[in-house]
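Hi there,

Here is the structure I promised to pass on, followed by my notes on it. Please have a look at it alongside the text below.

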Amino acid sequence: MYSGWLIYEKKDAVNNQSFIEWFIEEAHLQNMALTLILREEIMIGIKQNSPVIFINRKEAGLPDAAIVRTMDPFLSSHLEACGVSVFNSSHVSRICNNKALTHQYISELSIPMVDMVFYNREQIQEKQPFDYPFIIKEMSGKGGTGVYYIENRKDLQACMVKISHPEIIIQRCNVQLGKDVRVFVVGKEIVGAVLRENKHDFRANFKLGGNASLYHLNDRERDMVKQIMNIFDFGLAGIDFLIGYNGELIFNEIEDVVGSRTLSAVSNINILNKYMHYITANLKRRDFKN
């Protein structure tokens with residue numbers, strides 16, 4: 001039986017208890033003993049010139065795999081240096097948890113996206129690169145947090161008080177606000193897509209009061225998703241698209257630590273079964289090569 005760590009920050013573990021139990025159950029069905037490990041319990045470093053991991057200050061025996069459910073590319077990289085198979089990889093974590101880096105990567109594919117400027121917070125001046133209204137995003141925001149709709153100078157000033165991250169994106173908002181499409185992928189498989197709509201907020205996030213329905217991708221949209229999948233080695237991820245005025249999908253961002261609340265609400269798809277099958281299949285291929 002394979003061994004695995006499911007790594008969460010403490011606050012997120014409390015809020016995702018049922019999802020964690022589902023993870024552990026599906027892992028067991030795929031012949032993996034999956035253990036919840038809190039990020040706060042982990043300490044990493046170098047011992048005798050080799051990477052080492054401590055849990056609760058005791059040197060830890062290493063698992064076959066680590067499923068990292070927090071945005072921590074350095075931790076993921078350290079686990080990989082220790083020989084642990086990490087899902088998602090440190091490369092995916094590093095790129096996809098930085099919105100600017102993500103857009104740099106996707107821009108090479110000529111997939112439609114809105115115009116944007118990457119700013120240091122201290123560069124913000126009275127005159128902005130785009131006319132009002134526009135969107136300001138913190139580089140590492142997640143789940144609709146760190147995203148602000150700016151209609152005027154007063155909004156801008158209020159936003160600057162709230163923002164803590166030094167790097168931001170200023171982005172045009174010439175799209176249908178409060179509406180987007182999230183595509184769930186496992187490995188190279190498109191598992192499903194969800195249309196999220198919120199009539200009371202410019203952000204479509206389900207947990208911010210939005211509604212969700214199953215969305216059927218057309219051939220052109222599937223091709224766009226496949227282009228993105230081909231340049232990343234995803235385990236489980238959510239690829240988000242804004243919706244243009246004519247209904248066209250416009251790339252927005254990639255969720256590395258994606259949940260499945262919306263997909264589970266609108267379908268019977270067992271995405272964690274697919275994910276755990278993907279992980280154990282990867283471990284078997286690794287063992288075969290060794």
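First, a word on naming: helices (H or I, at least four residues) and strands (E, at least two) are DSSP runs, numbered from the N terminus. Residues are numbered from 1 along each chain as its sequence is written, and the side-chain values use heavy atoms, with hydrogens and water left out. Please keep in mind that this is a predicted model: local features need pLDDT of at least 70 and side-chain atom pairs count only at pLDDT 80 or more, while totals for chains, interfaces and linings use all residues.

**Cavities and pockets**

On a 1 Å grid over the protein atoms alone, a cavity is a set of points where a 1.4 Å probe fits but cannot get out, and a pocket is an open set with protein on both sides within 12 Å along at least five of seven lines; lining residues have an atom within 4 Å of a point. Grid points are joined across faces, edges and corners, and a volume is the space filled by probe spheres set on the points.

Searching the whole structure gives three cavities of 30 Å³ or more. The second largest cavity has a volume of about 70 Å³. Strand β16 (residues 249–255) gives the most to its lining, with three residues. Among the lining residues are M71, C96, K99, M139, E253, I254 and E255. By class, the lining of this cavity divides into four nonpolar, four polar and four charged residues (Ala, Val, Leu, Ile, Met, Phe, Trp, Tyr, Cys and Pro count as nonpolar, Asp, Glu, Lys and Arg as charged, and the others, Gly among them, as polar).

The second largest pocket holds about 250 Å³ of space. Its lining has 14 residues, of which S85, V86, F87, D233 and N282 lie nearest the centre. Helix α9 provides the largest share of that lining, six residues, and β7 (85–87) and α9 each supply at least two. The classes here are five nonpolar, five polar and four charged.

**Helices α2 and α9**

The expected span of a helix is 1.5 Å times one less than its number of residues. The 13 residues of α2 (residues 17–29) should span 18 Å, and the end C-alpha atoms are 19 Å apart, which agrees. For α9, with 19 residues, the distance from first C-alpha to last is 27 Å, close to the 27 Å expected.

Which residues of α2 are buried? They are F19, I20, F23, E26 and A27, where buried means under 20% relative accessible area, exposed over 50% and partly exposed in between (1.4 Å probe, protein chains only). Seen down the axis of α2, these buried residues fall within an arc of 130 degrees, so they line one face of the helix; the arc is that of the directions from the helix axis to the C-beta atoms. On the other side of α2, Q17, S18, H28 and L29 are exposed. The buried residues of α2 pack against β1 (2–8), α1 (10–15), β2 (32–38), β6 (65–68) and α9 (271–289), with contact meaning heavy atoms within 4.5 Å. In α9, the buried residues include I271, L272, Y275 and M276.

**Some buried residues**

I55 sits in strand β4 (residues 50–55) and is buried, at 17% relative accessible area. Leaving aside neighbours within four places in sequence, I55 is in contact with W5, I37, E41 and A60. A60 belongs to the loop between β5 (58–59) and β6 and is also buried, at 19%. H78, in helix α3 (residues 73–81), is buried with 9%; residues up to four places away aside, H78 touches I44, G45, I46, P51, V52 and I53.

**Backbone points to check**

The peptide bond from F87 to N88 is cis, with omega near -10 degrees, and N88 lies in the loop between β7 and α4 (90–96). The bond from Y132 to P133 is cis too, with omega near -5 degrees.

N49 has a positive phi of about 65 degrees although it is not a glycine; N49 is in the loop between β3 (42–47) and β4 and counts as exposed at 76% relative accessibility. R57, not a glycine either, has a positive phi of about 70 degrees. R57 is found in the loop between β4 and β5 and is exposed at 71%.

Best wishes
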